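Please walk me through this model, chain by chain.

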Amino acid sequence: MSTTHYLVLSAILFSLGVLGVLVRRNAIIVFMCVEMMLNASNLAFVAFAQQNGNLNGQTIAFFVMVVAAAEVVVGLAIIMTIYRTRRSASVDEPNLLKY
Amino acid sequence: MTASSVLAATSNSGAEIVFWVCATLAVIGAVGMILSKKPVHSALFVALTMINLAILYVALSAPFLGMVQIIVYTGAVMMLFVFVMMIVGVDASDSLIETIKGQRWAAIVLVLGFAAMLIGAIVNGLQGVPDPSLVAANAEYGGNLQGIAKIIFTDYVIAFEVTSALLIVAALGAMLLTHRERHTPKATQEERSKARFLRYAATSELPGNLPPAGTYARHNAIDTPALAPDGSTVPASVPGPLRERGNVRPVDVAAEVEVEEISEGKTVVAPINDEDGEQR
């Protein structure tokens, strides 16, 4: 399989992640869409690693996974805190930040 | 057609089958994530996508990343999502009201444009590049994992160390954010006991346990109310939902009569015959 196929799949998954972030209102689902975008970029990294014939791309993808894991932990903790104070997991609710 | 080209063709077709199956399933997972109403279904669709991405990583000669993908993403991250959903409430579904008018359609159009731009750039930019192979790089230090380890612990060793600090800070941050300060001291067992007896003095609410269902009754089924020593039933011994639905088993009048007769000394229990006629 040529790298193009993998990169096109990565682009499709990334776009679907963007679409999810834009149209969904539930903070947890928005967060999962962000994870989807990170995964899509990881796929691009791994595909490029194969294209270039060295393992640097895989190493970067590994670091992306580590950072994503840390980000998930903190992000979900923030969602929990917002849910506790506002009793809602909707991204439309914390609009008091505006005032 | 030489033997090596036949081998190359078959291995290529195998990779192609893996790619098309996994790519289709991954896209189905991503679409399902966006379309499903319930967050738990979304999480399961994302897990589907991530497992298929792991298979694709293995197909891209990155077996280590494939395993990490399964362990970290489907094993840890998605399960963390599901845990948080259980706490936040699985029925916390989306409101379908658009806060910005026409945002949904605008988002779809923009994403289509974005995807077209990305795909066009990829297809244009990768025309005529040689066929990729990671076999040499993977074999250099004896395997994929060894190759990645060599890069992490030489070129990226500082980034790797910083990663450990990042993980610790993330764990601390999660604990700090979800920590709830206790404003009043926790009631001790003694205090709770005193409060129970003061409540008994004030409202004559019994301080002890309620009788469980079936106490002194003919059955110990959960829908049989307990009998108080005076023969009256204790409604509180039947679980609330059963009481709400009216599923409480009434006290058998014949049984009450029977109990009374026994207590008066009349033997009314009929002898029971076994199947072989022997009396017990």
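What percentage of the 280 residues in chain B do buried residues make up? The figure is 26%. Buried means under 20% relative accessible area, exposed means over 50%, and partly exposed lies in between, with a 1.4 Å probe and protein chains only.

## Basis of the model

This is a predicted model, in which local features need pLDDT of at least 70 and side-chain atom pairs count only at pLDDT 80 or more, while totals for chains, interfaces and linings use all residues. Residues are numbered from 1 along each chain as its sequence is written, chains are lettered from A and ligands numbered from 1 in the order in which they are written, and side-chain values use heavy atoms, with hydrogens and water left out.

## Chain B: layout

Chain B has 10 helices and 2 strands. Helices (H or I, at least four residues) and strands (E, at least two) are DSSP runs, numbered from the N terminus. Along the sequence, the pattern reads α-α-α-α-α-α-α-α-β-β-α-α. Take contacts in chain B between residues at least 6 apart in sequence: 34% of them join residues at least 24 apart. Contact means heavy atoms within 4.5 Å.

Chain B splits into domain 1 (11-90), domain 2 (129-176) and domain 3 (203-263). These bounds come from an automatic or database domain assignment. The centres of domain 1 and domain 3 of chain B, taken over C-alpha atoms, are 53 Å apart.

## Chain B: a helix pair

Two packed helices are described by the angle and the distance between their axes. In chain B, the axes of helix H2 (residues 39-59) and helix H3 (residues 63-88) come within 8 Å and cross at roughly 175°. H2(B) and H3(B) are therefore roughly antiparallel (over 145 degrees; under 35 is roughly parallel, 65 to 115 roughly perpendicular, the rest oblique). The contact residues of H2(B) include B:Val40, B:Ala47 and B:Tyr57, and those of H3(B) include B:Leu65, B:Tyr73 and B:Met85. Axes are lines fitted to C-alpha atoms, for helices over the stretch in contact, and angles run from 0 to 180 degrees between N-to-C directions.

## Chain B: Arg199

B:Arg199 is in helix H8 (residues 189-203) of chain B. The residue is partly exposed, at 39% relative accessibility. Leaving out residues up to four places away in sequence, B:Arg199 touches B:Ser204 and B:Glu205. B:Leu242 is 43 residues from B:Arg199 in sequence and 27 Å away in space, C-alpha to C-alpha.

Helix H2 (residues 27-52) of chain A has 26 residues. From first C-alpha to last, H2(A) reaches 38 Å, close to the 38 Å expected at 1.5 Å a residue. The expected span is 1.5 Å times one less than the number of residues. Of the 26 residues of H2(A), 20 are buried, so the helix is largely enclosed by the rest of the structure.

At the start of H2(A), a side-chain oxygen of A:Asn26 comes to within 3.0 Å of the backbone nitrogen of A:Ile28. Just after H2(A), A:Gly53 has a positive phi of about 75°. A:Arg25 lies in the loop between helix H1 (3-23) and H2 of chain A. A:Arg25 is buried, with a relative accessible area of 9%. Its side chain makes a polar contact with the side chain of B:Gln103 (3.4 Å). A polar contact is a pair of N or O atoms within 3.5 Å; within protein, one must be able to donate a hydrogen and the other to accept it, and residues adjacent in sequence count only if both atoms are side-chain atoms.

## Chain A: Gln58

A:Gln58 sits in helix H3 (residues 56-86) of chain A. At 0% relative accessibility, A:Gln58 is buried. Beyond residues up to four places away in sequence, A:Gln58 touches A:Ala49 and several residues of chain B, among them B:Leu60, B:Leu65 and B:Asn144. A:Asn42 is 16 residues from A:Gln58 along the chain, with 8.3 Å between their C-alpha atoms.
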